[in-house]
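Good morning, everyone, and thank you for making the time. Please have a look at the structure on the screen, and then I will walk you through a few of its parts.

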Amino acid sequence: MNSKNTISQFKRLIGRRFDEPEVQEEIKNFPYAVVRSADGGILIRVSYNGEDVTFTPERILAMLLKKLADTAEKANGGLKLADSVIAVPAYFTDAQRRAYLDATKIAGVNCLRLMNENCAVALAYGIYRTDLSETDPINVAFCDLGHSSFSVTIAQFVKGKLKILGVGFDRNVGGRNFDRLLFDHFATEIQKKAQAECPRQPESHHPSTGRLRKTEKGSQRQCLLQDRR
Ligand SMILES: Nc1ncnc2c1ncn2[C@@H]1O[C@H](COP(=O)(O)OP(=O)(O)OP(=O)(O)O)[C@@H](O)[C@H]1O
Ligand SMILES: [Mg+2]
């Protein structure tokens with residue numbers, strides 16, 4: 001994998017300023033280069049067709065949205081995608097949301113609104129359920145442990161209606177923390193057994209964690225498939 005020229009995990013750069021401490025902390029672990037733009041914004045630098053090029057995170061997001069829209073159109077027999085609703089983390093600030101909307105404009109994707117991810121999940125879970133009472137509400141907790149963040153949402157349902165009662169999150173706890181712990185553990189074991197220094201570069205530089213993640217993704221897909229049956 002050409003990790004220096006493969007842009008990933010850029011969601012955490014969208015709508016941010018280069019000098020923000022959280023951005024500085026993030027980019028330490030990226031395999032690709034991130035530089036400050038003349039106005040203090042963020043630019044991602046990669047080599048494309050042998051040339052050094054820079055992209056704003058919004059532009060990268062626009063490319064991803066365009067690709068997703070094309071895929072959705074193809075999957076629906078070429079039906080034109082007219083409008084979209086895009087889910088974003090509940091903890092996104094106004095600036096991050098505005099940057100998302102800018103990306104939809106660059107991509108030419110008509111976005112009717114941004115919806116909080118937890119609300120989208122709750123809608124998918126309960127809004128079409130026919131077995132809910134019209135008078136006795138049920139409360140459901142949704143837990144979302146992602147790659148870099150964790151959130152818990154409590155939603156209340158009656159038939160055809162939902163109300164979000166509360167949302168809690170930690171923007172800095174996710175699967176990558178588990179990856180890091182596993183990586184450190186096995187690096188120490190290997191070091192002990194082989195009596196040799198084991199490299200401790202950031203996870204994303206490592207083909208070994210890449211392989212580990214591939215296996216995880218495979219089992220994640222399997223879990224989802226099993227879930228649907
Ligand atoms: N089967 C699995 N077992 C354990 N962890 C897994 C498994 N499959 C995927 N993961 C981990 O789940 C994380 C990806 O989850 P998800 O797709 O929800 O993240 P995300 O929405 O992209 O991230 P975030 O919302 O935090 O920005 C990765 O850290 C990955 O390592
Ligand atoms: Mg997520």
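Predicted model: local features only at pLDDT ≥ 70, side-chain atom pairs only at ≥ 80, totals over all residues.

Let me begin with the chain as a whole, which holds six helices and eight strands. Read from the N terminus on, these elements run α-β-β-β-α-β-α-β-α-β-β-β-α-α. Of the 229 residues in the chain, 14% are buried. If we take the contacts with a separation of 6 or more, then 57% of them are between residues 24 or more positions apart.

Now to helix α4, which covers residues 117-126, and in which Glu117, Asn118 and Ala122 are buried. Where do these buried residues fall when α4 is seen down its axis? They lie within an arc of 135°, and so they line one face of the helix.

As one example of a bridge, valine 152 has glycine 168 in β8 as its partner. The hairpin of β7 and β8 has two residues between the strands, and in this hairpin glycine 160 takes a positive phi near 75°.

Let us turn next to an open sheet of three strands, whose order is β1-β2-β3 and whose pairing is antiparallel. Its edge strands, each of which pairs on one side only, are β1 (33-36) and β3 (51-55). From one strand to the next, the twist averages 35°. Between β2 (residues 42-48) and β3 there are five bridges in the antiparallel sense, and arginine 45 has threonine 54 in β3 as its bridge partner.

I would like to finish with tyrosine 48, which has its place in strand β2. Is tyrosine 48 buried or exposed? It counts as exposed, because it has 11 C-beta neighbours inside 10 Å, and a residue is exposed if that number is 12 or fewer. Although tyrosine 48 and asparagine 5 are 43 residues apart in sequence, they are 7.7 Å apart in space, C-alpha to C-alpha.

Technical notes
Residues numbered from 1 in each chain as written. Chains lettered and ligands numbered in written order. Buried ≥ 20, exposed ≤ 12 C-beta atoms within 10 Å, placed from the backbone. Helix = DSSP H or I, 4+ residues; strand = E, 2+ residues; numbered from the N terminus. Arc of directions from axis to C-beta. Pairing = 2+ DSSP bridges. Axes fitted to C-alpha atoms, helices over the stretch in contact; angles between N-to-C directions. Contact = placed C-beta atoms within 7 Å.
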